[in-house]
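These are my notebook entries on one protein chain. I record what I looked up, topic by topic.

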Amino acid sequence: MFPIMEYKERIKKTKEKMALEGIDVLLITNPSNMNYLSGYDAWSFYVHQMLVVTLKEEQPFWIGRKQDANSAKATTWLDQKNIYSYTDDYVHSITKHPMDVIARVLDEKGLNNCVMGVEKENYYFTAKAYEQLQKGIPNVVFKDSTLLVNYVRMIKSDLEIEYMKRAGTIVEKAMKTAIEEINVGVRENEVVAQIYHSQIWGTEKYGGDYPAIVPLLPSGERTSSPHITWSDQTYKLGDYVIIELAGCYQRYHAPLARTLAIGEPSQEATDLAAVVNEGICETLDFIKPGVTCEEIEEVWRTTIAQHGFIKDSRIGYSMGLSYPPDWGEHTASLRAGDKTILRPNMTFHLIPGIWYDDFGIEISESFVVTEKGIETFAKFPRDLYVK
C-alpha cells in the first residue's frame with residue numbers, strides 16, 4: 001500500500017475531474033483503478049465488484065463478493081463501515097445478479113437520483129451488469145466515464161516511479177534468463193517456466209508480482225505475429241525468437257522486448273534490427289516534456305523511412321499499474337493524431353517492431369519522462385541476440 005495521504009490526493013484529483021464532467025457518483029469496476037484509489041488487491045476481478053466514489057463523501061466504498069470482503073479489509077485504506085458485500089448465491093446465477101445488490105446499496109445511500117459515471121469500455125463491466133443497474137436505479141442518469149481515472153493515473157508519483165524501477169530490475173533478470181535458456185532442442189514451455197521463476201522470484205531485496213500479460217514468445221515464422229505465446233515445440237537452428245515480457249512489482253510494470261536468432265542471422269534480419277534500433281535511439285533522444293505523442297511517432301516514422309520502411313500502427317502507449325489482460329493504461333498512444341502532451345513522470349512502453357510475413361524484429365523500451373528527457377526502466381542492450 002501507499003501512504004494514506006497519497007490515496008487521498010488521488011481521490012481529490014478524481015473528484016476534481018468528476019466535478020468538471022458533471023458527475024456526482026463514479027462507479028469503478030476496472031481493478032487497476034480500484035487499486036489506484038483504494039489499494040484493493042486480490043484475484044477477485046472474475047466476479048462483479050465495484051468501488052464507488054461520491055463527491056460528498058471523503059472515502060469511497062467497496063462492494064463485492066462476501067468472501068472477498070476480507071481482502072478489502074486487508075488491502076485497502078477504507079474504514080470497515082465502507083465495505084459492503086453480496087452473498088455467494090449471486091455468483092454466476094441465472095436468476096439474480098450482483099448488480100441487483102449493488103443497486104440496492106446505492107439506493108439505500110440516497111444515490112438514486114443523480115448523474116453517475118460508469119466505465120463502459122472495460123473488460124470487467126458487462127452489458128448485463130449495466131442493464132441490471134439501470135433497472136435497479138432507474139432515475140439515475142448514467143454517463144460514460146471509462147477513462148476518467150485512467151487519465152488521473154498517467155502522471156505517476158515518485159513512489160510509483162520507484163516501483164516501476166524495481167519492475168525494470170526484475171525484467172532485466174527475466175530477459176537474461178530467457179536469452180540464456182533458449183537453445184536448439186529446448187522446448188518453448190521450458191523456457192517460459194524459467195522466465196516465470198525469474199519474474200516472481202525477483203531480487204534479494206524484493207519479490208516480483210504476476211505481470212498482466214504472460215510471456216509472449218513466438219518463434220520461427222510465428223515471429224510475424226507479435227502476440228503468440230508458447231507451445232511445447234523445440235527450438236531449431238535458424239529460428240528467430242521474439243521475447244516480450246515484463247517485470248512487475250506491486251502491480252506496476254516495466255515491459256521489455258528483444259529478438260534472438262538461433263544460429264547466424266540473415267543479412268535481411270541484421271539490417272532490419274539495425275533500422276529498428278536506430279529508430280528507437282532517435283525517438284528516445286527526441287522525447288522530453290512538452291512534445292506530443294504524434295510528434296514522437298513522426299520521428300520514428302521519418303527515421304525508418306530513410307531506409308525504405310513504413311510502419312502504419314502505433315509505436316507505444318502509456319502503461320504502469322495494471323491487472324490482466326493488459327499492462328497498458330488505455331490513454332495516450334504514440335501514433336499519428338494523438339496530441340497528448342508529455343509531462344514529467346508519465347510512463348510509456350515504446351515498442352516499434354517491424355514484421356514481415358515470415359519473420360519480425362521486436363525491440364522495446366519502457367521509460368519515464370523526466371524534467372529534461374527520459375530514463376529507461378531497464379538497462380539491457382538492444383542488440384539482435386545470437387545463440
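**Entry 1: a lysine in a loop.** I looked up Lys-66 and found that it counts as exposed because its relative accessibility is 55%; exposed means over 50% relative accessible area, buried under 20%, and partly exposed in between (1.4 Å probe, protein chains only). I located Lys-66 in the loop between β3 (61–65) and α3 (69–75). Helices (H or I, at least four residues) and strands (E, at least two) are DSSP runs, numbered from the N terminus. Leaving aside neighbours within four places in sequence, I found Lys-66 in contact with Ser-85, Tyr-86 and Thr-87, where contact means heavy atoms within 4.5 Å. I also noted that the C-alpha atoms of Lys-66 and Val-214 are separated by 29 Å, the two residues being 148 residues apart along the chain.

**Entry 2: the basis of the values.** I note that this is a predicted model, in which local features need pLDDT of at least 70 and side-chain atom pairs count only at pLDDT 80 or more, while totals for chains, interfaces and linings use all residues. Residues are numbered from 1 along each chain as its sequence is written, and side-chain values use heavy atoms, with hydrogens and water left out.

**Entry 3: helix α5.** Which residues of helix α5 (residues 127–136) are buried? I found Ala-129, Tyr-130, Gln-132 and Leu-133. They lie on the same side of α5 because they cover an arc of only 165 degrees around the axis; the arc is that of the directions from the helix axis to the C-beta atoms. An α-helix has 3.6 residues a turn, so residues three or four places apart point the same way. On the other side of α5, I found Ala-127 and Lys-135 exposed. The buried residues of α5 pack against β1 (25–28), β2 (50–54), α4 (98–108), β5 (115–118) and β6 (141–144).

**Entry 4: two domains.** I read domain 1 (4–152) and domain 2 (158–386) from the domain assignment; such bounds come from an automatic or database assignment. Their contact takes 16 residues from domain 1 and 14 residues from domain 2. The C-alpha centres of the two domains lie 33 Å apart. About 1,300 Å² is buried between domain 1 and domain 2, and carbon and sulfur atoms give 55% of this area. Buried area is the accessible area (1.4 Å probe) that two parts lose on being put together, summed over both. I counted 1 salt bridge between domain 1 and domain 2, a salt bridge being a side-chain nitrogen of Lys or Arg within 4 Å of a carboxyl oxygen of Asp or Glu.
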